[in-house]
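Colleague: Could you walk me through how to read the pockets and the helix packing here?

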Amino acid sequence: MWQRIQSVYLFLALIATTTCLSLPLCVFEPVGMGGSTVMYNLWKITPEGTADFSVWPLFVLLLITCPICLVTIFLFKNRKLQAKLCVVNIILNILWLAYGAFIIFGEKANPDCGGIKLAFGACLPIVAIILYALARHGINKDEKLVRSMDRIR
């Protein structure tokens, strides 16, 4: 299983996704004095210290991709399904990015928001998308190799 590079790509994508689940995504700075709001995948921590669970779909999208990626790693004998599951994970991560941008730009439109500082966790789904694309490329390359070997016989 680990002799194929796409398994390594999928494992690294799984690590990036699970790491993103626990890291902060961005910090919303206020216009005047006051505390800032920190946004995670599951909640926003307000300056008062309370949790606002309005961003829970971000958590759900990433939580769905983790078991799909884990299953994809162990489907190395079924390359076609493995490639399709890579595409599903890419789509889920793109949806995560779109919804995250929607939340961030919606908060930016708020007149009380002075600025937004993106954190490292916000770029991890982009890294995962790249890793899924690399894994899919390796899977398709293996499939072509197997088909060419079958044709020679």
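Modeller: Start with what the largest pocket is lined by: 14 nonpolar residues, one polar and no charged. Here Ala, Val, Leu, Ile, Met, Phe, Trp, Tyr, Cys and Pro count as nonpolar, Asp, Glu, Lys and Arg as charged, and the others, Gly among them, as polar. Bear in mind that this is a predicted model, where local features need pLDDT of at least 70 and side-chain atom pairs pLDDT 80 or more, while totals for chains, interfaces and linings use all residues. Numbering runs from 1 along each chain as its sequence is written, and side-chain values use heavy atoms, without hydrogens and water.

Colleague: What volume does the largest pocket have?

Modeller: About 230 Å³, taken as the space filled by probe spheres set on grid points joined across faces, edges and corners. Gly100, Ala101, Ile104, Leu118 and Ala122 are the closest to its centre, out of 15 lining residues. A pocket is an open set of points on a 1 Å grid over the protein atoms alone, where a 1.4 Å probe fits, with protein on both sides within 12 Å along at least five of seven lines; lining residues have an atom within 4 Å of a point. Helix H3 gives the most to this lining, six residues. Helices (H or I, at least four residues) and strands (E, at least two) are DSSP runs, numbered from the N terminus.

Colleague: And how much space lies in the second largest pocket?

Modeller: About 170 Å³. Phe28, Thr37, Pro47, Glu107 and Asn110 sit closest to its centre, among 14 lining residues. Strand S1 (residues 26-30) supplies the largest share, three residues. By class, the second largest pocket is lined by four nonpolar, five polar and five charged residues.

Colleague: Now the helices. At what angle do H1 and H2 pack?

Modeller: Two packed helices are described by the angle between their axes and the distance between them. For H1 (residues 5-22) and H2 (residues 56-73) that is about 155° and 9 Å, with axes fitted to C-alpha atoms over the stretch in contact and angles running from 0 to 180 degrees between N-to-C directions. H1 and H2 are therefore roughly antiparallel (over 145 degrees; under 35 is roughly parallel, 65 to 115 roughly perpendicular, the rest oblique). Their contact (heavy atoms within 4.5 Å) has twelve nonpolar, five polar and no charged residues.

Colleague: How do H2 and H3 cross?

Modeller: At roughly 165°, with axes coming within 9 Å, so H2 and H3 are roughly antiparallel to each other.
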